[in-house]
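Colleague: I am new to this structure and would like to learn how to read it. Could you walk me through a few features?

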Amino acid sequence: MRIGIDARLYKAGLGIGRYIEQLLLHLEQLQTDDEYVIFLRKEMMNVYMPTNTHFKKVCIDIPWYSLAEQCIAPIVFLTHNVDIMHFPHFNVPIFYPKKFVLTLHDLIMIKHAESSKSAASTRHPSIHALKYAAYLFVLRSACRRARAIIAVSDSVKNDIMRYLTIPQERLYVVHEGVQLNERGRELPLPPCVRKPYCINVGNAYPHKNIGYLLTVFEKLKIEGSPMQLVLCGQEDYFKNRVVEEIKKRGLEDSIVHLGYVSDDQLAILYRNAHAALFPSLEEGFGFGPLEAALLGTPVIVSHIPVFQEILGTACLYIDPLNPCDMIDALKKLDTDVHLRNNLITRGQGLLGRYSWKTNAFKTSQIYHTSL
């Protein structure tokens, strides 16, 4: 069997980039006679270096979300005569005529359309409306034609059935994996970070609910708490807006934005944190809280279905619309040593549940059953 994977988002600094990276790494480790054709952007051709001779790289230097992606990419894919393609994101070329498998990581742009509108706040509304209509058209076309759709959680699967009316028999839940980072133990904390501190990792899109955390730490400051909040994530329009709000509220001493940090730096920040805080209104899987839990950090998250699915009893749940709920949870961690130790133990017990090896094996099976 000859399998093509659209890996143009490989290591693109997004969750999908990490998904592709880990999927390829662990597919290579499977014992199989299948041949894989990996389609990469030019700048990634010397970054992805397969060790399995069954994996062949092909350069397709076409940007995602572009007209060329829709019109030219299908020709390139067809040239390599694969039996089935895997598109790890919704952006499947509408003119691709052959069999394919699709992975959907979330439907946040549909469920929380205000996040999408905020994303376009620097553009003319008519341009945003066109882009959003194109997104819906491409997404629905991809879901209608896919032989199988991989959802990264039961929560995403339920959303696909509800919002896109896809029959259950074409949907497969394959949880993503998490690897424990044992490196970085000797790294020092950044000079601007002081203990005790809490940490939040990720982007600042509206559904991430970062404004909620600003309110929490504004209240803690008024109460005289020494607790600091450390924000990590790539700088963009949304993070810049958060930084401006921090200054506006006079919280520079209470909230530190580090921007992008390496995996090793992130590991040491998690290990030394009082707690990891994720008050999201919506998620597809939840890498951040899961990574924090595995590294021994108590986790406090919103009570949304996906966190309950992925984390179970290994965290404290709060109402993401009530900042006092988060403050109460932080105080519980301060005063209840038994609760804190129990959360750490349960969190580290999640390690064997989310494996990239299992993800790759199940995905490989889906390729075969989808022909």
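Predicted model: local features only at pLDDT ≥ 70, side-chain atom pairs only at ≥ 80, totals over all residues.

Colleague: In what order do the strands of the open sheet lie?

Modeller: The order is β3-β2-β1-β4-β5-β6-β7, an open sheet of 7 strands with parallel pairing. At the edges are β3 (55-59) and β7 (171-173), each of which pairs on one side only. From one strand to the next, the twist averages 20°.

Colleague: Which helix packs on the sheet?

Modeller: That is α7, residues 154-164, which touches β5, β6 and β7. The direction of α7 makes about 160° with that of β7.

Colleague: And how many bridges join β1 to β2?

Modeller: There are 5, between residues 2-6 and residues 35-40. I5, for instance, has I38 in β2 as its bridge partner.

Colleague: Now the rings. How many aromatic pairs are there?

Modeller: The count is 18. Planes under 30 degrees apart count as stacked, and over 60 as edge-to-face. Y65 and F90 have planes at 15° and ring centres 5.8 Å apart, so they are stacked. Y65 is in the loop between β3 and α2, and F90 in the loop between β4 and β5, so the pair ties together parts 25 residues apart in sequence.

Colleague: Are Y237 and F238 stacked or edge-to-face?

Modeller: Their planes are at 80°, with centres 5.4 Å apart, so this pair is edge-to-face. F238 is buried at 7% relative accessible area, while Y237 is partly exposed at 36%.

Colleague: What sits over the ring of F287?

Modeller: The charged end of R18, 4.2 Å from the ring centre. F287 also belongs to an aromatic cluster with Y19, F285, Y354 and W356.

Definitions and conventions
Residues numbered from 1 in each chain as written. Heavy atoms only, no water. Pairing = 2+ DSSP bridges. Helix = DSSP H or I, 4+ residues; strand = E, 2+ residues; numbered from the N terminus. Axes fitted to C-alpha atoms, helices over the stretch in contact; angles between N-to-C directions. Contact = heavy atoms within 4.5 Å. Phe/Tyr/Trp six-rings, centres within 6.5 Å; stacked < 30°, edge-to-face > 60°. Buried < 20%, exposed > 50% of the residue type's maximum accessible area, 1.4 Å probe, protein only. Lys NZ or Arg CZ within 6 Å of the ring centre and 35° of its normal.
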